[in-house]
Amino acid sequence: MMETKRIEVVVFIKGLSILTIVLFHLTMRLNIPDYLLKFNPFSGVGVHSFIFVSGFTLYLSYLRRPLKLLSFYKRRFSAVYIPYIFVVIIFVVIFYIIDNSQFSYYSLFGHVLLYKMFDNEIIGSYAYYFWFISTIFQFYFVFPIIVKIKEKVKDLPFILGSLLISLLWSLVVLLLEKEAYRTWNSFFLQYLWEFNLGILLADFYVKKKWKFWEMKTIYLTVIVVVGVFLFVYLPTVFGVKAKLFNDFFGSVAFTSILILVYRIKINLFRELGLLCGIYSYDIYLTHGLVFIVLSLFSFRGIYGTIEYAVFFLVILFVFSMINNLLSGRIIKVFSKYTK
């Protein structure tokens, strides 16, 4: 028997992962000391923790309730695609009103038909961070294949093979000098190992009752120290190209940090993480809209200040809840007519 349908610490990791990504984008708009900005790239590692947790929750859901292929895609389509397109349309309307000369049917349908994931010119159109949505969809497309492989391959070859594929992909991107192209450096193979690590640990949780979040504090601390050191050291010594590889260390270090933070029993902070976890997808989708709202209305005078950050976070949570409510209603209509 599972403890609960939702595992609280996993929801927390998911929420804080997304929040740190948003804060990463926010701090680039704030007037903060240069020495603090040096820590900013590490907050972007939240992307990797989110992918890891996505693999964990997706496979856990599969183990609890296996779905046929069409049912799986229908469920993912309604839960992920509909809210995404809903927000994209809002972006399109806003940009069309501001400057309709920038409107492009090619970009719009790149989102609707998802072919933007193969075109570096539009993968970040309307909001640059939408590149990540393409990566998430790629994982959904290949998830049934990964499940079949997982069922036929033993645990060690499964995860080592995944790691090798990701390393080889990073090497290919580097040799082809495509490390600056999102369609290459953010293709799902780059993150395959951490997604599959989440799958493996979900399997351990169900079949062996092993919980990765209950690792001893000393082990997590060692992972954090070594991971952060290599994350910082590799680009310092080998340059920008090493960033393709240092995420391997940043990913496990950052996830370990979030587990340690969860263990600090500060209710307010934990509740914030859980709230972000519940609305994580909506927070990610809408945070670019908040930046636009703040730039269009009477917030330019406080740009870069703490007041700006506070207004941003308050409006972000309001937008996220509204988006969750509205897209949820659209999903219900879609589900009703596609039974």
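Helix 7 and helix 10 cross in a right-handed sense. The model is predicted. Helix 7 covers residues 131-152, and helix 10 covers residues 192-207. Their axes come within 12 Å and cross at roughly 50°.

Which residues of helix 7 and helix 10 meet? From helix 7 come Phe139, Phe143, Ile146 and Lys150. From helix 10 come Leu192, Phe195, Asn196, Ile199, Leu200 and Asp203. By class, this contact of helix 7 with helix 10 holds seven nonpolar residues, one polar and two charged.

Of its 16 residues, 14 are buried, so helix 10 is mostly covered. Its length also checks out. At 1.5 Å a residue, helix 10 should span 22 Å, and its end C-alpha atoms are 22 Å apart, which agrees. Just after helix 10, lysine 209 takes a positive phi of about 60°.

A second pair is helix 1 and helix 13. Helix 1 runs over residues 8-27, and helix 13 over residues 267-278. The table sets out both pairs.

| Helix pair | Axes come within | Crossing angle |
|---|---|---|
| Helix 7 and helix 10 | 12 Å | roughly 50° |
| Helix 1 and helix 13 | 7 Å | roughly 80° |

The angle between helix 1 and helix 13 makes them roughly perpendicular. On the helix 1 side, the contact uses Glu8, Val11, Phe12, Lys14, Gly15, Leu16 and Leu19. On the helix 13 side, it uses Phe269, Arg270, Leu272, Gly273, Leu274, Cys276, Gly277 and Ile278. Nine residues in this contact of helix 1 with helix 13 are nonpolar, three are polar and three are charged.

Now to a single residue. Is isoleucine 259 buried or exposed? Its relative accessible area is 3%. The cut-off for buried is under 20%, so isoleucine 259 is buried. Isoleucine 259 sits in helix 12, which covers residues 243-263. Leaving out residues up to four places away in sequence, isoleucine 259 touches Ile13, Phe212, Trp213 and Leu220.

How far is isoleucine 259 from aspartate 282? In sequence, the two are 23 residues apart. In space, isoleucine 259 and aspartate 282 are 23 Å apart, C-alpha to C-alpha.

How values were computed:
Residues are numbered from 1 along each chain as its sequence is written. This is a predicted model: local features need pLDDT of at least 70, side-chain atom pairs count only at pLDDT 80 or more; totals for chains, interfaces and linings use all residues. Side-chain values use heavy atoms; hydrogens and water are left out. Axes are lines fitted to C-alpha atoms, for helices over the stretch in contact, and angles run from 0 to 180 degrees between N-to-C directions. Helices (H or I, at least four residues) and strands (E, at least two) are DSSP runs, numbered from the N terminus. A crossing is left-handed if the near helix is turned anticlockwise from the far one by less than a right angle, and right-handed if clockwise. Contact means heavy atoms within 4.5 Å. Ala, Val, Leu, Ile, Met, Phe, Trp, Tyr, Cys and Pro count as nonpolar, Asp, Glu, Lys and Arg as charged, and the others, Gly among them, as polar. The expected span of a helix is 1.5 Å times one less than its number of residues. Buried means under 20% relative accessible area, exposed over 50%, partly exposed in between (1.4 Å probe, protein chains only). Angles under 35 degrees count as roughly parallel, over 145 as roughly antiparallel, 65 to 115 as roughly perpendicular and the rest as oblique.
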